[in-house]
Amino acid sequence: MTASSLDIALFSAKLGVVFFVILTLAAYLVFAERKILAWIQDRKGPNRVGPFGLLQPLADLIKLLTKEDFVPASADKWLFYLAPAMAAIPAILIFAVIPFGATLTIFGRPLPLVVTDLNVGLLFFLALSSIAVYGVALGGWASNSKYALLGGIRGLAQMISYELSMGLSLVPVVMLARSFSLTDIVAAQASVPFVVYQPLAFIIFLVSITAECKRIPFDLPEAEGELVAGFHAEYSGMRFGLFFVGEYINIIVLGGLAATFFLGGWHGPLLPPVVWFSVKTLAFAFFFIWMRGTLPRLRYDQLMHLGWKLLTPLALINILVTGWWLALNR
Amino acid sequence: MFVYIRLTPRSAFSMRIISDIQAILGGFRVTLSHMLRKPVTIQYPEEKRTPYPRYRARIVLTRDPEGGERCVACYLCSAACPVDCISMQSAEQADGRRYAAWFRINFSRCIFCGLCAEACPTLAIQMTPDYEICKRDIMDLVYEKEDLLINGCGKDSSYNFYRQAGIGVARQRGAGQEETPPVDVRTLMP
C-alpha cells in the first residue's frame with residue numbers, strides 16, 4: 001500500500017515538473033524568439049521588464065489575462081470557445097510519450113523519465129498532431145470571418161499535406177528501430193543516431209514539422225501580410241494566448257521529437273541525459289527561430305508543390321531504399 | 001529544399017535545386033552574422049545621441065551682438081513656411097526700427113523644414129538641435145515671443161543687420177560697414 005502511494009506520488013511529481021517546465025519553457029521561448037529576431041535585425045529586443053527583460057513573459061501573461069475576451073456576434077460560440085484548447089492540448093499531450101532522460105532510481109524504485117512509455121508512441125504522436133488540425137480548422141470556421149476562414153482552410157490543407165510526408169519520413173526510423181515505442185527508438189540509437197543512416201528522412205521530417213507547427217516559411221494559415229492573423233484573427237485575450245502558447249509548445253515538442261527520432265534522444269557523451277535532451281530540443285527551437293528570421297513565406301502553390309511533388313515521393317523512395325538496404329544487411 | 005518546381009528540363013531543374021539550396025544557406029549565414037553583431041539601438045531616455053550643430057529642431061529668435069532683437073517683422077519666414085505655423089504682428093519703434101509686437105510659432109504644426117531660417121534676412125530666426133519638445137497639452141506647443149527669444153546670437157555671433165544694411169535707423173545712411181555713401185542718381189548722367 002505504501003509502495004503504491006509512493007509510486008503515485010513520484011508519478012504526480014514527475015507530471016507536475018514536466019507540465020511546469022514545458023509551460024515555462026514555452027513562455028520563455030516567446031521571449032527568446034523576440035530576442036533572437038531582434039538580434040537578427042540589429043535590435044536589442046525586449047529589455048524593459050526586469051533584468052534583461054526576463055520578466056517580459058510574465059508581463060505578457062498579465063496583459064493577456066486582463067484583456068477583454070471578445071466573441072464575435074455571429075461566431076459559433078461553443079466551437080469558438082473550444083478551438084484554442086484543441087490547438088494547445090494535443091501539443092502538450094504529445095510530450096507524454098517523449099523520453100527525456102535515462103531511468104532514474106529514487107527510493108529504490110525505478111523512475112523512467114518519460115510520462116508514459118506507450119508501445120505505439122509514434123502512432124500516438126501522429127494521431128494527436130492530426131487532432132491539432134481541428135483547432136486551426138474549427139477556430140477559423142467558428143469565427144465566421146473571411147480572413148479566419150481562409151486561414152483555417154489553408155491550415156487544414158497544409159497540415160494534412162505535410163502530415164503525410166512527416167509520417168512517411170518516420171517509417172524508416174521505425175524500420176531501423178523495429179518498434180513504435182519512443183523509448184525503444186532512443187535505445188536503438190545508443191551508439192549511432194539515426195540521422196547518420198537517414199539524413200534524407202531527417203531533412204524531410206524537419207521541413208514537415210516546420211509546416212506542421214505553422215512556422216515561417218510555412219506560416220500561410222496566419223500570414224499576416226494577406227490574412228490579418230489568419231485562423232486566430234478574431235481571437236483576443238487568453239484564448240489567443242492559448243493558440244500562441246500552443247504554437248510554442250508545439251515547437252518544443254516537435255523539436256524534442258526530432259531529437260528523439262534522429263539525434264539519439266537523451267544519449268550523449270559527458271553531460272547528463274536530461275541536459276543532452278534539452279540541448280538538442282532547444283537547438284531545434286533555435287533553428288526554427290533562426291529560420292523565421294531568414295526565410296520568406298512560400299506561396300500557396302509552392303507549398304503544395306513542395307509537399308506533394310517533392311517531399312512525399314522522396315519519403316516513399318527513402319522507405320523503399322531503406323527496406324532494400326535492411327533486406328540486404330539482414 | 002524550398003524550390004518552386006516547374007516543368008523545366010531535368011538538367012535545368014537540378015541546377016535550380018543546387019543554386020536554391022546555396023541561396024538559402026547564404027541567407028542563413030547572413031542572419032547569423034547579424035545575430036552576432038552589436039545592435040544599432042540607442043536606448044533613448046538613458047542614452048542620447050548628440051545632434052550635429054546644424055540639426056533642425058526647436059526654432060529660436062536670436063539677438064544681435066548688442067542685445068537687440070534681430071527680428072524686423074518682415075513676414076518672410078511666415079511667407080516661406082509651408083505649413084503656416086508662424087504668425088506675427090509688426091510694429092515700429094520711434095526711431096523707425098521695426099520689431100514684432102507679437103511672434104508665435106505653433107510647434108504642433110511645424111515640420112522643421114528650416115525654410116523660415118533660410119528666408120530670414122536678419123538671421124533672427126534659427127534652428128537649434130534641441131529636439132526634445134514633447135508636451136502633454138498640445139496648447140503648450142504654441143510658443144510665444146518670450147518663449148522663442150533667447151539671450152544670444154545663435155550661429156552667427158557677429159552679424160548685426162542694422163549695421164550692415166543701408167537703412168538709417170542705427171546710424172546715418174551710408175555710414176554702415178562696407179557701405180559707400182548714398183549716390184545722388186541725378187548726378188549719374190551718361
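Ile105(B) stands opposite Tyr143(B) in β5(B). Strands here are DSSP E runs of at least two residues, helices are H or I runs of at least four, and both are numbered from the N terminus. The model is predicted: local features need pLDDT of at least 70, side-chain atom pairs count only at pLDDT 80 or more, and totals for chains, interfaces and linings use all residues. Residues are numbered from 1 along each chain as its sequence is written, with chains lettered from A and ligands numbered from 1 in the order in which they are written.

**The sheet of chain B**

Strand β3 (residues 98–106) of chain B is joined to β5(B) by two bridges, and the two run antiparallel. Strands pair if DSSP finds at least two bridges between them. The open sheet has three strands, in the order β2-β3-β5 (chain B), with antiparallel pairing. β2 (86–92) and β5 (142–143) of chain B are the edges; each has a single partner strand, so one side of each lacks a neighbour in the sheet.

**The chain contact**

Chain B gives 14 residues to the contact and chain A gives 19 residues. Contact means C-beta atoms, placed from the backbone, within 7 Å. The side of chain B that touches chain A has the following classes.

| Class | Residues of chain B |
|---|---|
| Nonpolar (Ala, Val, Leu, Ile, Met, Phe, Trp, Tyr, Cys, Pro) | nine residues |
| Charged (Asp, Glu, Lys, Arg) | one residue |
| Polar (the others, Gly among them) | four residues |

**Cores and helix α10(A)**

A nonpolar core is a set of buried Ala, Val, Leu, Ile, Met, Phe, Trp, Tyr and Cys residues joined through C-beta atoms within 7 Å. Buried means 20 or more other C-beta atoms within 10 Å of the residue's own; exposed means 12 or fewer, and partly exposed lies in between. The largest core has 84 residues; among those touching the most other members are Phe205(A), Ile249(A) and Val253(A). Its largest share, 16 residues, comes from α10(A). Another core, of 23 residues, lies apart from it and includes Ile59(B) and Met127(B).

Leu257(A) sits in helix α10 (residues 237–262) of chain A. Leu257(A) counts as buried because it has 26 C-beta neighbours inside 10 Å. Beyond four places in sequence, Leu257(A) touches Ile98(A) and Phe125(A). With the same exclusion, Val253(A) is in contact with Ala91(A), Ile94(A) and Phe95(A).

**Helix α12(A)**

α12(A) bends by about 30° at Leu306(A). The bend is the angle between axes fitted to the seven residues ending there and the seven starting there. Buried residues of α12(A) include Leu303(A), Leu306(A) and Leu311(A). Their cover includes α5 (146–177) and α8 (199–212) of chain A.

Definitions and conventions. Two residues are in contact if their C-beta atoms, placed from the backbone, lie within 7 Å.
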